[in-house]
Amino acid sequence: MDPQPPPAAGPTRSRRVTSLEILCALLVLALLGQQWIASWLDAPAVRTGATIFVAVCVQALPFLVLGVLISGAIAAFVPASLLDRLLPKREAVAVPVAGIAGVALPTCECAAVPVARRLMQQGVPTSVALAFLLAAPAVNPIVLVATSVAFPNAPAMVLARLTGSLATAVVMGWLWARFGKAAWIVERALRRIPEPDGRTRWRMFFETSRADLVDAGGFLVIGGLTAAVLNVVIPRAWVDSLGSQLVLGIVVMAALAVLLALCSEADAFVAASIAGMPLLPKLVFLVVGPAIDVKLFALQAGTFGRAFALRFAPATLVVATACAVVSGVVFLGGAG
């Protein structure tokens, strides 16, 4: 009798390295090279960059948590039928309504990203959700009060910032309604969420909040690192020398708003501290920053996809700069 062949071995599965193992390996390397790491971190530029990175993350994280909690609440407790009844049927009218609604929600720009995605998943038109994303961080009462305190001798700055930021949100919403394509946004950001029953609403709330926080938190760290590096690389003397060159000052302040990635609740104090800069470039800084910066670009790319971010971010920068200049000419009298 012929011997039976050995049973065929099942398919071998490659073992994946988990994040916990990576963390343990990094901790071991840190212990082994702690003296070298300590001497490297003692450099002034590294200390400054580390301080800025921590400041960006600490400023943004509470508002990001608030945003994901609101996002989870919308997913679990707000039925799509309610949103349909509250918003105007015409998309062109719903866009400015969403922009004005941002006044009632005091969130940082990081918090608005998961909320906008959740609105899309609840069936809200993309243009309306994007108008809310741009308006909420810039026109809410906390930001306006902070601007008033930072510019006590220029009360018109508050109205100029409100008008410029709201115009940016509405114009970008209308532009998306006219030219935007759903194919530019990743499918998972538009996937409709099934309506939960009463027994699973709290479970959906916690699960969606946790998932949104994990997704957005990683991109916040990337944006914070980028902002920290750029803050160290760009000499402050370059900024201080632009006071007499209005057009160049506008361009540079718009670029700085993108690169510095400040929280919208604190950016007014930074703008006010730049000595010798006219009010108009400072207004551009205040309008552009909450609309698009490096951490927002990272969050948008991670949430809506790179194809969306590569189109939406440059258009937002141009529109925000133009709206700020027009608002500054109307309310500040030009250079200010």
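View 1. A search of the whole structure, which is a predicted model, finds six aromatic pairs, where rings of Phe, Tyr and Trp (its six-membered ring) pair if their centres lie within 6.5 Å, and planes under 30 degrees apart count as stacked, over 60 as edge-to-face and the rest as tilted. The rings of Trp 176 and Phe 312 have centres 6.5 Å apart and planes at 75°, so this pair is edge-to-face. Because Trp 176 lies in helix H9 (residues 156–179) and Phe 312 in helix H17 (residues 306–331), the pair ties together parts that are 136 residues apart in sequence; helices here are DSSP runs of H or I with at least four residues, strands are runs of E with at least two, and both are numbered from the N terminus. Trp 176 and Phe 312 are both buried, a term for under 20% relative accessible area, with exposed meaning over 50% and partly exposed in between (1.4 Å probe, protein chains only). Trp 176, Trp 184, Phe 304, Phe 308 and Phe 312 form one aromatic cluster.

**View 2. The salt bridge of Asp 293 and Lys 295.** A salt bridge is taken as a side-chain nitrogen of Lys or Arg within 4 Å of a carboxyl oxygen of Asp or Glu, and by this rule the count comes to one. The side chains of Asp 293 and Lys 295 meet in a salt bridge at 3.0 Å, N to O. Asp 293 counts as buried at 1% relative accessibility, and Lys 295 is buried with a relative accessible area of 1%.

View 3. Leu 246 has its place in helix H13 (residues 246–260) and is partly exposed, its relative accessible area being 32%. Together with Val 247, Leu 248 and Val 251, Leu 246 forms a nonpolar patch on the surface with about 340 Å² of accessible area; patches are made of residues with over 30% relative accessible area and no salt bridge, like charges being joined within 9 Å and nonpolar side chains (Val, Leu, Ile, Met, Phe, Trp, Tyr) within 5 Å, and accessible areas come from the Shrake-Rupley method with a 1.4 Å probe, only the protein chains shown counting as cover for residues. The buried residues of H13 include Gly 249, Ile 250, Met 253 and Ala 254. The 15 residues of H13 should span 21 Å at 1.5 Å a residue, and the end C-alpha atoms of H13 are 20 Å apart, which agrees; the expected span is 1.5 Å times one less than the number of residues. Just after H13, Ala 261 takes a positive phi of about 55°.

**View 4. Ala 146 and its contacts.** Ala 146 lies in helix H8 (residues 141–150) and is buried, with a relative accessible area of 11%. Leaving aside residues up to four places away in sequence, Ala 146 touches Glu 265, Ala 268 and Phe 269, where contact means heavy atoms within 4.5 Å.

**View 5. The covered helix H6.** Helix H6 (residues 109–121) has 13 residues and reaches 19 Å from its first C-alpha to its last, close to the 18 Å expected at 1.5 Å a residue. H6 is mostly covered, with 13 of its 13 residues buried.

**Notes to all views.** Residues are numbered from 1 along each chain as its sequence is written, and side-chain values use heavy atoms, with hydrogens and water left out. In this predicted model local features need pLDDT of at least 70 and side-chain atom pairs count only at pLDDT 80 or more, whereas totals for chains, interfaces and linings use all residues.
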